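User: I am new to reading protein models and would like to work through this one by question and answer. Could we take it one feature at a time?

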Amino acid sequence: MVPQQEASRYAERTESRDSRILSRYVANNFDRPPRCILAGASIRIREHIHTGTAVTGLACCVTGDCDPDNLPPLAPRKGRDFSGCDNKCTTCVEEKQTRSSFKSVERITEPLDIIHTDVCDLKSIPTKGGNKCFITFIDDCTRYCYVYLLKSKDEAIDKFVLYKTEVENQLNKKIKVLRSDRGGEYVSPFADICAQNGIIHECTSPYSPQQNGIAEQKNRTLKEMMNAMLISSGMSQDMWGEAILSAIYLLNKIPFKKKDVTPYELWMGRKPSYKYLKVWGCLAKVVVPPPNVQRIGPKTVDCVFIGYVHRSSAYRFIVYDSKNPEINKNTIMESRNASFFEEMFPCLKKELPSSSKPVDEIVHNEDQEQLEAEEVEPRRSKRQRIEKSFGPDFLTYMVEGEPQTYHDVVTSSEGPQWKEAIKNEIDSILQNHTWELVDLPPRLVLAIEALRSLEVHQMDVKTAFLNGDLEKEIYMEQPEGFSAPGQEGKVCKLVKSLYGLKQAPKQWHQKFDQVMLNNGFKINECDKCVYVKNTTKGYVILCFYVDDMIIVGSDDKMIKSTKDILKARFDMKDMGLADVILGVKINRTQYGLVLSQYHYVDKILEKFNAGDTSVAQTLIDTTQHLSKNRDLAYAVSMLSRYTSNLRSEHWKSMTRLLRYLRYTRNHGLHYGRDPAVIEVYSDANWISDMKDSKSTSGYVFTLGGGAIAWKSSKQTLIARSTMKSEFIALDKAGEEAEWLRQFVEDIPGWPKPMSAICIHCDCQSAIGRAQSAM
């Protein structure tokens, strides 16, 4: 034990030493000591450390035997950066560590040494031309900026190629470095083009947009100017594209920070002229083009100034009011012959309706430097429409219990709810159009997934058909009940796909096809909606059905990479592991997959057979001969032949079919891990009904123990014997077998060359004839 007196002297020495350390440390770091550092504070500091409430900036710096000259400076109160501190406290780092600060960098560069780029998605209504976002390219040396409007982000690569070709040719230099964020639009093939042309593609750190600050700041400035221009002029929101282009036109002619020269002067080598600049959105009296001038009446039309023509001395206008029948309202015009009234803004009084008819874009004529767009009267069929009737006994059996016309909707008991639903749908059509289509389930790919124990994921494309661009002018009548006030006699000119448009699926598929091919996928030659990508790291298979798709990959990385590519190009909904694909329920077991449709069967029974609880173990009456008790495909094929003339016996057969569905609702297709061989079973029936003169063919293909394809249909030829009817059935099975063989040959990992597919047949005469001919 230390004597009490000696212990007291020891404490005084320790206290005095700590006080000196603290005093010297405070004197070196503060002009005026903080209120929390008082005389004898070293004891309190140690108490704070032990209790977890250390004084800010001193917790990891004050120790019992440290050198005050080597103490690090205090960290700022907001945010802690311990990168320069040698004596770190792990507790303080875990508690207070923040991101590293960003410092401005001064660079001395030449034009095209560094190009900053970024894509800005406004997530608002599209422009009148269908553009939804824009991309900027800023030269680091001159700060000269190019802006391109995009309909979707996947067009970024096309605009970069366009920009690269132009600037390298004009400046006779090469782009050396391209700096961007980590957006999906800047991955392959964007990065591949940079590598092929020797361009260094620099990407920011994850979640660090500050490292691409020049492009981010430019986008913010453009958006703020665009908003100010729209608000001050009263223009509709779908004119944001014209405002963006006008804003960058002005910014390139304004000196930027830290320099007294403009980007235009540094880029072009000459000073810009400001004489022809006008106030955006003001009133302009534009001279009518000579072909449309009237001898009696005004020589001008009232327009709104919306920008400057690229590579021309003309201005861009949108017609606000026209008394000339040859020039229509909301038409885009380009002209240099105009008188401006820069203090008058006609749209502030009466805003242009955002839902008005889209405008036509007009190409500038170099001779006249002005043109107009002429609307074409829609061509309508003159053929009289005749209502079809199949007689009083014909009923539409698959009818939903919902109103079929607009009049039925507004007069029903749920009229207000229907009106609200219709209004929401119309609003979505005016903005992004939404629909959903279905197709047959992809059983073959799921069978392959079960064989190899792969994972299958599902994704959905939101507003799929919006991504397709129309190539022709299409007109439609305004939706009933939603005609534009005062414009009831006009029609809608479509600029985007819409419900029921015949070419909409084709345009959407072309866009999706282009995106997949640009990202290293190959099309399966037997099915144009199946895409395969095989690399040294793994493979992935994508099945595409209108706006639904499943992704099967060898590992999670390949699946995630494919999802990132799709999310960068389209507005996608990731549904994770596939659960229900196009009406088919997927159940995973330790032995493989089970596909069933019990939920769909329940829906059918509830709608058409709710009062009947009995079941049927066979499709046809058991008193009939066994040859007539076929499978479900045969029964449906037979009943479908009498849809236009149903009789009582057909209704009884349909009722029995529904009872059979109730009995087999839990049945499903089981796909296991073997056998990994495609097998075919083919058969044909001999004519047993005197009323019929043709046989019925049928086949079923199996893989992994489950059926992947089947068919039952009447033959188109009259067979003179059982053997001939069997050969007709074998021929149809052979066609399907050849298609499946070519399909799986494109599947990665499938043995090549693929062995012949074995077709099983139970007709001895057909087998004997086939063997004798070999």
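User: In which strand does Gln-458 lie?

Analyst: This is a predicted model, in which local features need pLDDT of at least 70 and side-chain atom pairs count only at pLDDT 80 or more, while totals for chains, interfaces and linings use all residues. Residues are numbered from 1 along each chain as its sequence is written, and side-chain values use heavy atoms, with hydrogens and water left out. Strands (DSSP runs of E, at least two residues) and helices (runs of H or I, at least four residues) are numbered from the N terminus, and the one that holds Gln-458, residues 455-461, is strand 11.

User: Is Gln-458 buried or exposed?

Analyst: Buried means under 20% relative accessible area and exposed over 50%, with partly exposed in between, using a 1.4 Å probe and protein chains only. The relative accessible area of Gln-458 is 6%, so this residue is buried.

User: How far apart are the end C-alpha atoms of helix 17?

Analyst: The expected span of a helix is 1.5 Å times one less than its number of residues. The 16 residues of helix 17, residues 648-663, should therefore span 22 Å, and this agrees with the distance between the end C-alpha atoms, which is 23 Å.

User: Which helices are included in what covers the buried residues of helix 17?

Analyst: Among the buried residues of helix 17 are His-650, Met-654 and Tyr-660. What covers the buried residues includes helix 15 (598-608) and helix 16 (632-639).

User: How many aromatic pairs does the structure hold?

Analyst: Rings of Phe, Tyr and Trp (its six-membered ring) pair if their centres lie within 6.5 Å, and planes under 30 degrees apart count as stacked, over 60 as edge-to-face and the rest as tilted. By that rule, the number of aromatic pairs in the structure is 28.

User: What parts does the pair of Tyr-144 and Trp-267 tie together?

Analyst: The rings of Tyr-144 and Trp-267 are stacked, 5.1 Å centre to centre with 5° between the planes. Because the pair joins parts that are 123 residues apart in sequence, it ties the loop between strand 2 (133-139) and strand 3 (145-150), where Tyr-144 lies, to the element holding Trp-267, helix 8 (residues 263-268).

How values were computed. Contact means heavy atoms within 4.5 Å.
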